[in-house]
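Have the structure open while you read.

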Amino acid sequence: MKNPLCLLLVLLLTIGCENEGKLTFEPLQLTGGTCNECPKIEINIPRALDETAVARAINNALEEELIALLSFDEELEIDKVDDAIASFNNSFKELKTKFPDETVGWEAEVNSEVVYEDANILTLIFNAYTFTGGAHGYGSTTFLNFNKRKGVELENWELFEDMEGFQKFAETKFRIQEDIPQNENINITGFMFERDIFHLAENIGYTKDGIQLTYNQYEVASYADGPILLTLPFKEVNKYLKNKVKS
């Protein structure tokens, strides 16, 4: 029988190698007011703990997303999440004061997590839902991609060596997935691409299953259609990417 201590050391070394270079996060939970008529605010995001440039970029990007989502006072320059939450609360209270019998409760819910990480790239998914009156609320998904070595957030175009080639490939796969003939108008089955021309989603990110394109509600289809997802395996799209992924 093998020495149990040796087996334990091998296991610990294996785990250490797998986690080498991974960033450290803690869960961060934020809520709104506790009064009976306060809007419901529930925020669950990761907070990067490492003292590195990319950790700071991640925390700043998440803070910016929250501020943009919750800020309702256009006259104020809001640069803190607590102030954005206060803005959301105050805007609801002002509306409630003006229309006490017509205003229904507001909601804001955010959930974010790391969906991909390797030595070079880290991707967060940022799922948000808000309801501020009307027939229904609005949900959205945002991908936040980061270059770990440079410590910066990446724009979509910075993910690719050949963005034009990727777009052509993605259109072919999109048409197959959505049963749109390759030689017909992209909107022939009811999609709403601007000027009848296929375009990449505003939100593109690395996931464990490949590069995912998320078209949020209203981006290329109606609200009732919900978000449209297209996931392309790394083995099929590596040639278009700056950061190749072993598959």
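Strands β2 (residues 40-48) and β3 (residues 107-117) run parallel and are joined by five bridges. Two strands count as paired when DSSP finds at least two bridges between them; the strands themselves are DSSP runs of E, at least two residues, and helices are runs of H or I, at least four residues, all numbered from the N terminus. To find the pairing on screen, look for lysine 40, whose bridge partner in β3 is glutamate 107. Further along, asparagine 44 sits opposite asparagine 111 of β3.

A word on the source: this is a predicted model, with local features needing pLDDT of at least 70 and side-chain atom pairs counting only at pLDDT 80 or more, while totals for chains, interfaces and linings use all residues. Residues are numbered from 1 along each chain as its sequence is written, and side-chain values use heavy atoms, leaving out hydrogens and water.

Put together, six strands make an open sheet with mixed pairing, ordered β1-β2-β3-β4-β5-β6. Its edges are β1 and β6 (152-154), each of which pairs on one side only. From one strand to the next, the twist averages 25 degrees; axes here are lines fitted to C-alpha atoms (for helices, over the stretch in contact), with angles from 0 to 180 degrees between N-to-C directions.

## Helices across that sheet

Helix α2 (residues 53-70) lies across β1, β2, β3, β4 (121-131), β5 (138-147) and β6, at about 165 degrees to β2. Contact means heavy atoms within 4.5 Å. Helix α3 (residues 81-98) lies across β1, β2 and β3, also at about 165 degrees to β2.

How far apart are the end C-alpha atoms of α2? They are 26 Å apart, which agrees with the 26 Å that its 18 residues should span at 1.5 Å a residue (the expected span is 1.5 Å times one less than the number of residues). Buried residues in α2 include Val54, Ile58, Leu62 and Leu66, where buried means under 20% relative accessible area, with a 1.4 Å probe and protein chains only.

## The three-stranded sheet

There's a second open sheet, antiparallel, in the order β7-β8-β9. Strands β7 (203-207) and β9 (228-232) are its edges. Between β8 (residues 210-215) and β9 there are five bridges, and threonine 214 has leucine 229 of β9 as its bridge partner. Helix α4 (residues 163-177) packs on this sheet, touching β8 and β9, at about 120 degrees to β9.

Technical notes:
Buried means under 20% relative accessible area, exposed over 50%, partly exposed in between (1.4 Å probe, protein chains only).
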